[in-house]
Amino acid sequence: MLTKLLPEVKQAMSTTRANLSIQNIGQISIIVHDLARATAFYRDKLGLPLLFTAGNMAFFDCGGVRLMLGLPETPDLDHRSSILYFRVPDLQAAHRRLAEAGVEIVAPPRLIAPMPTYDLWMSAFRDSEGNIHQLMSEVSRAK
């Protein structure tokens with residue numbers, strides 16, 4: 001049944017994308033409760049460049065995607081964020097730097113999936129607001 005639905009799903013997705021002209025993710029928002037503490041964490045512990053602040057928000061560059069930290073504007077927006085996956089070239093070294101900086105590690109580096117040409121590794125941590133995020137690395141296999 002799924003194979004029968006797949007062409008219709010593909011067509012619907014293709015039409016939607018063509019109509020909206022979506023190119024990529026431009027910004028991700030993370031709700032925080034202590035903006036100064038969260039700004040320091042993302043700038044000093046993760047090393048993301050702070051682009052600017054505006055009101056109760058701070059904006060960072062994350063490889064061309066803007067990351068916005070902001071206080072919840074309404075009670076229904078007061079929740080933890082989705083998981084962000086930060087791609088790093090050397091997972092072991094990045095994990096070590098976070099641990100040395102006192103960042104709470106939720107899961108140590110571990111193999112998630114062996115792929116045809118690389119192994120996908122991840123390590124989970126909490127930010128200053130209790131949100132869980134992951135470091136991820138695609139490690140090429142020696143031939």
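Q: Why is phenylalanine 60 called buried?
A: Phenylalanine 60 has a relative accessible area of 0%. Buried means under 20%, exposed over 50%, and partly exposed in between, with a 1.4 Å probe and protein chains only. So phenylalanine 60 counts as buried. This is a predicted model: local features need pLDDT of at least 70, side-chain atom pairs count only at pLDDT 80 or more, and totals for chains, interfaces and linings use all residues. Residues are numbered from 1 along each chain as its sequence is written, and side-chain values use heavy atoms, without hydrogens and water.

Q: What makes the pair of tyrosine 42 and phenylalanine 60 tilted?
A: Rings of Phe, Tyr and Trp (its six-membered ring) pair if their centres lie within 6.5 Å; planes under 30 degrees apart are stacked, over 60 edge-to-face, the rest tilted. Here the centres are 6.2 Å apart and the planes stand at 45 degrees, so the pair is tilted. Tyrosine 42 is also buried, at 0% relative accessibility.

Q: Why does this pair tie together parts that are 18 residues apart in sequence?
A: Tyrosine 42 sits in helix H2 (residues 35-45), and phenylalanine 60 in strand S3 (residues 57-62). Helices (H or I, at least four residues) and strands (E, at least two) are DSSP runs, numbered from the N terminus.

Q: Why is the pair of phenylalanine 52 and phenylalanine 59 called stacked?
A: The ring centres are 4.4 Å apart and the planes meet at 20 degrees, so the pair is stacked. Phenylalanine 52 is partly exposed at 38% relative accessibility. Phenylalanine 59 is buried at 7%.

Q: What makes S1 and S2 edge strands?
A: Strands pair if DSSP finds at least two bridges between them. The open sheet runs S1-S4-S3-S2, with mixed pairing. Strand S1 (27-31) and strand S2 (50-54) each pair on one side only.

Q: How do you know that S1 pairs with S4?
A: 5 bridges join S1 to strand S4 (residues 65-70), and the two run parallel.

Q: Why is aspartate 119 called buried?
A: Aspartate 119, in strand S7 (residues 118-126), has a relative accessible area of 18%, so the residue counts as buried. Beyond its neighbours within four places in sequence, aspartate 119 is in contact with residues including Leu111, Pro114 and Val139.

Notes: Contact = heavy atoms within 4.5 Å.
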